[in-house]
Amino acid sequence: MALAKLIGSILKSVSHQHQSKIFLTTTVRLQQNAEFSDTQGPSEPAEDLETAFPALETPRMTSRTLRFPVDHTYPRLSWVESMDTYEGTKLGMIDLHPDVFAIYPRIDVLHKNVHWQKMYRHIDYNFEPSRAEMPGGGRKPWPQKGTGRARHGSCRSPLWIQGAKAHGPRGPKSYFYMLSRYDRALGLRAALSCKYAQNDLVIVDSFDIPTSEPEYLQELTDVRFWGYSVLFVDDTDVMPENIAVSVSQIRGFNILPAYGLNVFSMLKHETLVLTLAALERIEGKLLDEVHTTHRQEKFVNTLRPEDFRKHPKQDTTMLKSFSAPIGNN
Amino acid sequence: MAAFVSAAVFRACSRCGNLATAFAAPSVKHVSRKVQAGIYARLLSTSQNPLLQREPAGEAPVENNAEYPTDYEVSYSEFKYVEQVLPRPTVPEVPKHESYPTPSGWFPPNDELRSQKPYLVRRTKNHMLPVYSSLKRFYYGMNHLVSVKQIEGDIWVLESELRDFLKKKTGLSIRTQVHEVYKSIYIRGEHAALVAEFLLGCGM
Amino acid sequence: MASKVTERALNLVKSMPRVGLGNIKDLPTATYKKQVNRGRRQKKKGRGDKGQGSRNTWDPLGYEGGQRPLIDSVPSEKYYGQYAIRRQYPPISLLELQRMIDLDRVDVTKPVDIVSICNTGLFKFEVAKNHFGVNITEEGCDVFAAKINLEIQWTSELVIAAVEKSGGTITTRYYDPQCLAALFNPLAHFKKGLPIPKCKLPPQDALAYYSDPEFRGYLADPEKILLAREKLAQKYGYKLPDLGADPVKDLLLMRKDPLQIFYGLEPGWIVNLKDRCILKPKDEDYLRYYYNVH
């Protein structure tokens, strides 16, 4: 636990220390951070750091070239961890593009995206029959004149008890609409920025865990304070067997390929765990989207009703005309 | 995980609602080919996945008795001409010019000048100033509106400096609006050229 | 320089509860369409009592209450006559073209045509709206300085002079709508697996323009075009650069066949994007169709 505290203090100090754009080696950076964290609270001196972290002697990542560099802000930093032990080893520190991981947290765009994701697949099946579709009601209940009662023409009129509803729901009704391509990409960037700002974004080298028993993954997330629900994202379709099996047995944990990443899932889960490959793919795609030459066009759905038809469509008119005996009269 | 797999399959076969047939989905004919291909693409496979235990049953080959000419020649060397006409996916960086402005009057941002200001207006992806003029309909009629977007830094300093500059140049009262969330400033009136002049003077 | 607004917002989010599905909402300034007058007492929906306004039975446009309307009483000016079948040429100015060249959106080491202009994504073009190509307009003709081989669909004399003064060449070229769809988005056309179409000849009313050496038509006699170049240089008073001694002579004199729409690719060929190769059918009837004018 002392280890976890130390990492926490270092992480805190890292978030304050960003001015150096030059890529330092991790050792130098760690020493700097350790010095910095001395001012905040008691921690081990910098020289003992190497002995405290034996795994630091392994080869580690220190830099990452960012496409489309910007000068109005600094690249964000994140640890790269491994998942082979409970505490894990810090394999290095990498830069994240500020246009993807540090944009203005547009809560309104997040809301738009989540609303869109809920609504585009929603179909309202509510249905009320009209007065024409209800049984009966063709007869005039009583004569127009002479009875002393109010005039009525049908017992299914909306005024009547057990009458029809005047402007009722006429389902099924589709609520499909398309959010603009720009807003969809912006929503992903805003969600990633929120996750990074709230320290809910974890980057690991790969999803290789030693065992497929769910207890291991559960213990790992408890030790690292990842919370009750975790979303794992990898670049491949075929996930490593151990993590796929253990994730499927834990409630609240889910695993996704990178192309399936969406705002709803990100906000639903407490922690987002990306592999390095997934990070490269997601950041690259979103940066491409920011700097695209593509002209935005109106959305056209290419799926036709034929794609969802149960049976092949039959030509009933032809069947009718030729199945009856000809020339009987 | 398991929920994800079944959701993917169920989506494909939601019409007939037959999950048992959906698990043998590759051979089900009423699920369109487009959707079928999507199932395989979307499935996260493990060794426990029932779908991957067996090979997908291939559909019966379509008999094609039509006599189409199928003789053709394949050329790999001439594909370079195809590459020439394919669009570039992202906007390229600006090449270095000998002198500025370029023949069309384009300036690069001046880092020395703009580092002195507490604010910064980023260039758009097309390397232009994010200044847009538009005609907007208000409740009493049409009005010209200039919007400056992609503002980083202290937006209020930019707003006051811009207003002073426009006031001095035009002698009119300038009405502005600041939107912090959209990181943009809206200016009433036909002042797009003056706003661009001010921003270029600041080295943006 | 740190970005103050963004930085402050991110710091605020840092100290807030976790952003989740339960605590996001739209901006307070966002407006939603509200269904009005659904209550019990509202029955006229803000449309008043009786009459045309209530029943949407307005008079047709231009109707003057039975009096002979203006549209019938004055002679017509058919400004929009046959608008639906007229050829449209959406404009792009020389200044914009020069800006594209400056910012490396258009490659001048290759011939510039409608494909390279559409591929920038900065040019609005819709085949379905009877758009038949690019019209280069005169704005920026003083500053145009690029030496290019330009192929466009419509232009004026001044633009031709500006391009030729800076050492380039220019051609006006007709494409039929089917070819324009392929030229506007070549990737979509190749993905469909369709053969590269052959270009039709211009229609009767456009034939004069595209065979006119003064407009550098692609069907004009090349010798007459050389004469017209010199004539234009004398008219505007500039010295015509010598094409024969030019280091990029091959580039400037590169032309397409009247049936061809892409440089280097012939009509009838099929592009395989997956294997990155070109399939050339050998059938005689097929070739006879694609290599002949009908």
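This report describes helix packing, chain contacts and some backbone features of a predicted model.

Two packed helices are described by the angle between their axes and the distance between the axes.

| Helix pair | Angle | Axis distance |
|---|---|---|
| α5(A) (residues 107-119) and α6(A) (residues 181-197) | about 120° | 9 Å |
| α6(B) (residues 155-170) and α7(B) (residues 192-201) | roughly 125° | within 10 Å |

In chain A, helices α5 and α6 pack at about 120°. Angles from 65 to 115 degrees count as roughly perpendicular and those over 145 as roughly antiparallel, so α5(A) is oblique to α6(A). The crossing of α5(A) and α6(A) is left-handed. On the α5(A) side, the contact involves Val109(A), Leu110(A), Lys112(A) and Asn113(A). These meet Asp183(A), Arg184(A), Leu186(A), Gly187(A), Ala190(A) and Ala191(A), which belong to α6(A). Sorted by class, the residues of this α5(A) and α6(A) contact are five nonpolar, two polar and three charged.

In chain B, the axes of α6 and α7 cross at roughly 125°. These two helices, α6(B) and α7(B), are therefore oblique to each other. Their crossing, that of α6(B) and α7(B), is right-handed. Helix α6(B) contributes Leu162(B), Phe165(B), Leu166(B) and Lys169(B), while α7(B) contributes Leu194(B), Val195(B) and Phe198(B). The class count for α6(B) with α7(B) is six nonpolar, no polar and one charged.

**Contact between chains A and C**

Chain A places 21 residues in its contact with chain C, and chain C places 20. On the chain A side, α5, α6 and α9 (263-268) each supply at least two residues. Helix α5(A) gives the most to this side, with five residues. The chain A residues that touch chain C comprise 10 nonpolar, six polar and five charged.

**Contact between chains C and B**

Here 33 residues of chain C are in contact with 32 residues of chain B. The elements of chain C that each supply at least two residues to the side touching chain B are α1 (4-15), α4 (94-102), α5 (114-119), α8 (186-191) and β7 (277-281). Of the side of chain C that touches chain B, β7(C) gives the most, with five residues. The class breakdown for that side of chain C is 19 nonpolar, five polar and nine charged.

**Annotated span in chain C**

An unreviewed UniProt entry annotates residues 91-171 of chain C as "domain: Large ribosomal subunit protein uL15/eL18". The end C-alpha atoms of residues 91-171 of chain C are 16 Å apart, and the span is 30% helix and 19% strand.

**Backbone features in loops**

The peptide bond from Gly171(A) to Pro172(A) is cis, with omega near -5°. Pro172(A) sits in the loop between β3 (123-124) and β4 (173-174) of chain A. Chain B has a cis peptide bond from Tyr100(B) to Pro101(B), with omega near 0°. Pro101(B) is in the loop between α4 (79-85) and α5 (111-114) of chain B.

Phe68(A), a residue other than glycine, has a positive phi, near 45°. Phe68(A) is placed in the loop between α3 (49-52) and β1 (76-81) of chain A.

Terms used. Residues numbered from 1 in each chain as written. Chains lettered and ligands numbered in written order. Predicted model: local features only at pLDDT ≥ 70, side-chain atom pairs only at ≥ 80, totals over all residues. Axes fitted to C-alpha atoms, helices over the stretch in contact; angles between N-to-C directions. Helix = DSSP H or I, 4+ residues; strand = E, 2+ residues; numbered from the N terminus. Parallel < 35°, antiparallel > 145°, perpendicular 65-115°, else oblique. Left-handed = near helix turned anticlockwise from the far one by under 90°. Contact = placed C-beta atoms within 7 Å. Nonpolar A, V, L, I, M, F, W, Y, C, P; charged D, E, K, R; others polar. UniProt positions renumbered as here; feature names shortened; annotations may be inferred.
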